[in-house]
Amino acid sequence: MRHLIDPMDLSVEEIDKLLDLADDIIANKEKYSKVCEGKKLATLFFEPSTRTRLSFEAAMMELGGNVLGFSSADSSSSTKGESVGDTVKVVSCYADIIAMRHPKEGAPFLASLKSDVPIINAGDGGHNHPTQTLTDLLTIRREKGRFSNITIGFCGDLKFGRTVHSLIKALSRYENIHFVMISPEELEIPEYLKEEVFEKKGLSYEQVRTIDEVIERLDILYMTRVQKERFFNEADYIRLKDTYILDMPKLKNAKADLSILHPLPRVNEIAVEVDDDPRACYFRQALNGKYVRMALIMTLLGLEA
Ligand code: CP
């Protein structure tokens with residue numbers, strides 16, 4: 001039985017196979033419409049979500065399976081004091097596979113120790129979000145046709161942004177990527193990632209404070225939201241929330257084939273006017289999330305079309 005807790009749980013070869021499967025699903029949807037007949041996915045979301053939960057549910061439905069679950073901790077027995085381990089042990093009796101989001105780092109890993117069915121980490125605190133990473137990788141491959149030989153800028157909340165942490169780890173295994181980290185000092189990437197990924201692996205990276213000083217060099221710009229829910233102090237959030245706003249004037253010197261990604265939701269960090277620019281990939285990215293989750297469900301359940 002396989003779980004997906006950390007993006008590094010999958011080898012480069014396994015990621016290639018998953019993305020190939022997602023591409024095939026996109027091209028041949030009907031072929032996959034009954035693959036999960038008789039199977040159930042449980043979505044246990046102890047933290048809010050639109051894309052991840054609904055794309056998991058849509059993915060299972062489009063594979064012919066069924067879904068059950070809860071969308072907030074308030075509507076589960078965790079409010080009565082039930083542990084994550086007990087919740088998962090019980091839900092394992094009702095479902096064939098579980099996608100779990102939890103505000104506490106490591107909760108899906110603890111769940112995987114107790115579960116009798118595959119657990120998918122659908123985001124744990126500021127730690128990891130491996131299925132967003134698969135979504136991002138599918139989007140980069142479909143938009144750029146490669147992972148190697150790129151300059152990628154990560155902009156915004158690089159401290160708490162789990163999608164950033166997971167994608168950096170996943171991309172660290174490809175050749176000749178230059179990482180540009182754009183953030184205020186308070187929201188810089190955590191030291192453990194600098195030491196254990198950038199420095200240990202000898203990767204090329206730089207830290208800057210503005211989009212303007214790097215935009216013309218970027219092949220991909222990965223924007224992120226400053227996350228109110230991760231701040232202990234509201235004054236700090238208010239001070240930092242609008243540090244970066246990507247608008248059309250900011251894109252004046254960008255490459256014609258720049259790909260703008262964002263895991264969404266966005267607040268102010270990308271002006272709505274950018275949505276109509278062909279370089280804005282974030283809504284295509286959200287759609288890719290459904291297809292890559294279909295591929296992941298099939299893979300973890302050992303099913304083929
Ligand atoms: N990208 C992402 O995880 O979005 P949700 O929080 O809406 O699931």
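Reader: Hi! Which residues are around the ligand?

Author: Hello! This is a predicted model, and in it the residues around the ligand are Ser49, Thr50, Arg51, Thr52, Arg101, His129, Gln132, Pro263 and Leu264.

Reader: Thanks! How far does a polar side-chain atom of Ser49 lie from an oxygen atom of the ligand?

Author: That distance is 2.6 Å. Arg101 also has a polar side-chain atom by an oxygen atom of the ligand, at 2.9 Å. With Leu264 the backbone takes part: one of its N or O atoms lies 2.9 Å from a nitrogen atom of the ligand.

Reader: And how much of the ligand does the protein bury?

Author: The protein buries 91% of the 250 Å² that the ligand exposes when taken alone.

Reader: Let's change topic. What can you tell me about Ala99, and is it buried or exposed?

Author: Ala99 is found in strand β3, and it is buried, with a relative accessible area of 0%. Setting aside residues up to four places away in sequence, Ala99 touches Leu41, Ala42, Thr43, Leu44, Phe45, Phe56 and Ile120.

Reader: I also looked at Lys17. How far apart are Ala99 and Lys17 in space?

Author: They are 21 Å apart, C-alpha to C-alpha, and 82 residues apart in sequence.

Reader: Okay, helix α3 next. Which of its residues are buried?

Author: In α3, which spans residues 84–91, the buried ones are Val84, Gly85, Thr87, Val88 and Val91. These residues are on the same side of α3, because they cover an arc of only 160° around the axis.

Reader: What covers the buried residues of α3?

Author: The cover includes strands β1 (40–45), β2 (66–70), β3 (97–102) and β4 (119–124), along with helix α4 (107–114).

Reader: How many residues of α6 are buried?

Author: The count is 10 of the 10, so α6 is largely enclosed by the rest of the structure. Among them are Arg162, His165 and Lys169.

Reader: Now the nonpolar part. How many residues has the largest nonpolar core?

Author: It has 58 residues, and those with the most contacts inside it are Phe154, Ile168, Leu171, Phe179, Met181 and Ile297. Helix α9 (residues 282–301) gives the most to this core, with 9 residues.

Reader: Which residues does Phe154 touch?

Author: Not counting residues up to four places away in sequence, Phe154 touches Val164, Leu167, Ile168, Leu171, Phe179, Val180, Met181, Ile182 and Tyr222. There is also a second, separate core of 22 residues, including Cys155, Leu218, Met223 and Tyr244.

Methods: Residues numbered from 1 in each chain as written. Predicted model: local features only at pLDDT ≥ 70, side-chain atom pairs only at ≥ 80, totals over all residues. Heavy atoms only, no water. Buried < 20%, exposed > 50% of the residue type's maximum accessible area, 1.4 Å probe, protein only. Helix = DSSP H or I, 4+ residues; strand = E, 2+ residues; numbered from the N terminus. Arc of directions from axis to C-beta. Contact = heavy atoms within 4.5 Å. Near = heavy atom within 4 Å. Polar contact = N/O pair within 3.5 Å; in protein donor to acceptor, adjacent residues only side chain to side chain. Areas by Shrake-Rupley, 256 points an atom, 1.4 Å probe, with all protein chains shown as cover. Core = buried A, V, L, I, M, F, W, Y, C linked by side-chain atoms within 4.5 Å.
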